[in-house]
Each structure stands twice: as structure tokens, then as C-alpha cells.
Amino acid sequence: RVEAAEMIRWITELPVGQQSVLLLRLVSDLPVAEVATILNKSEGAVKALHRRGLVALRRRISAGGVSSGGPAAFTSVP
């Protein structure tokens, strides 16, 4: 399992677009439509950034030997 502080640190190492989407979606728990409005992006762009960010985090978790049994919010894109 990954500690929340470590996950946030990893998120801040991602490209800015992915950072923004993941922090708003996962940490602030905002819906895609609201994140799209805040970032002035389409919902499709938000979903794509979300997916790319999660893939990057999964790679980081796998490389670090961390258990993948963490919160569902970090393992799936609604």
C-alpha cells in the first residue's frame, strides 16, 4: 500500500496537466465535468489526462515494489 503523502509527491512529479487532473479528481474528489470547467478543457481531455496519469502512477508503484491493493480511486478511471 502507498501512503497518501507519497502518492501526492508522485503526482507532483507528473506533467502539469496530469498533476492538475489527478489532484482535482482524486484528492478533491471532483467530477470530470467540474474538473473540465476549472481547467478549461473538454471532458474527453480530462479523462485522457486522468488515464495517462494513473498509468504513470501504476508504473511507479510497480517499479517500487509497492502492493497494488491501494484505494480504488488510484486504480481505476470512472
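**Exercise 1.** What percentage of the 78 residues in the chain is buried?

*Solution.* The model is predicted. In this chain of 78 residues, buried residues account for 29%. The accessible surface comes to about 4,600 Å², and carbon and sulfur atoms contribute 54% of that area.

**Exercise 2.** State which secondary-structure elements the chain contains and in what order they run.

*Solution.* The count gives 4 helices and 0 strands. Read from the N terminus, the order is α-α-α-α. Among contacts between residues at least 6 apart in sequence, 54% link residues at least 24 apart.

**Exercise 3.** Determine how helix 1 and helix 2 are oriented to each other.

*Solution.* Begin with the axes: those of helix 1 (residues 4–12) and helix 2 (residues 16–27) come within 9 Å and cross at roughly 155°. Angles over 145 degrees count as roughly antiparallel, and the two helices are therefore roughly antiparallel. Next, identify the contact: I8, I11 and T12 of helix 1 meet Q19, L22, L23 and V27 of helix 2. By class, these are 5 nonpolar, 2 polar and no charged residues.

**Exercise 4.** Determine how helix 3 is oriented to helix 4, and classify the residues of their contact.

*Solution.* Helix 3 (residues 32–39) packs against helix 4 (residues 43–63) at an angle of about 100°, and the axes are 8 Å apart. Since the range for roughly perpendicular is 65 to 115 degrees, helix 3 is roughly perpendicular to helix 4. On the side of helix 3, the contact involves V32, A33, V35 and A36; helix 4 supplies E43, V46 and K47. The contact comprises 5 nonpolar, no polar and 2 charged residues.

Note on methods
Residues numbered from 1 in each chain as written. Predicted model: local features only at pLDDT ≥ 70, side-chain atom pairs only at ≥ 80, totals over all residues. Heavy atoms only, no water. Buried < 20%, exposed > 50% of the residue type's maximum accessible area, 1.4 Å probe, protein only. Contact = heavy atoms within 4.5 Å. Areas by Shrake-Rupley, 256 points an atom, 1.4 Å probe, with all protein chains shown as cover. Axes fitted to C-alpha atoms, helices over the stretch in contact; angles between N-to-C directions. Parallel < 35°, antiparallel > 145°, perpendicular 65-115°, else oblique. Nonpolar A, V, L, I, M, F, W, Y, C, P; charged D, E, K, R; others polar.
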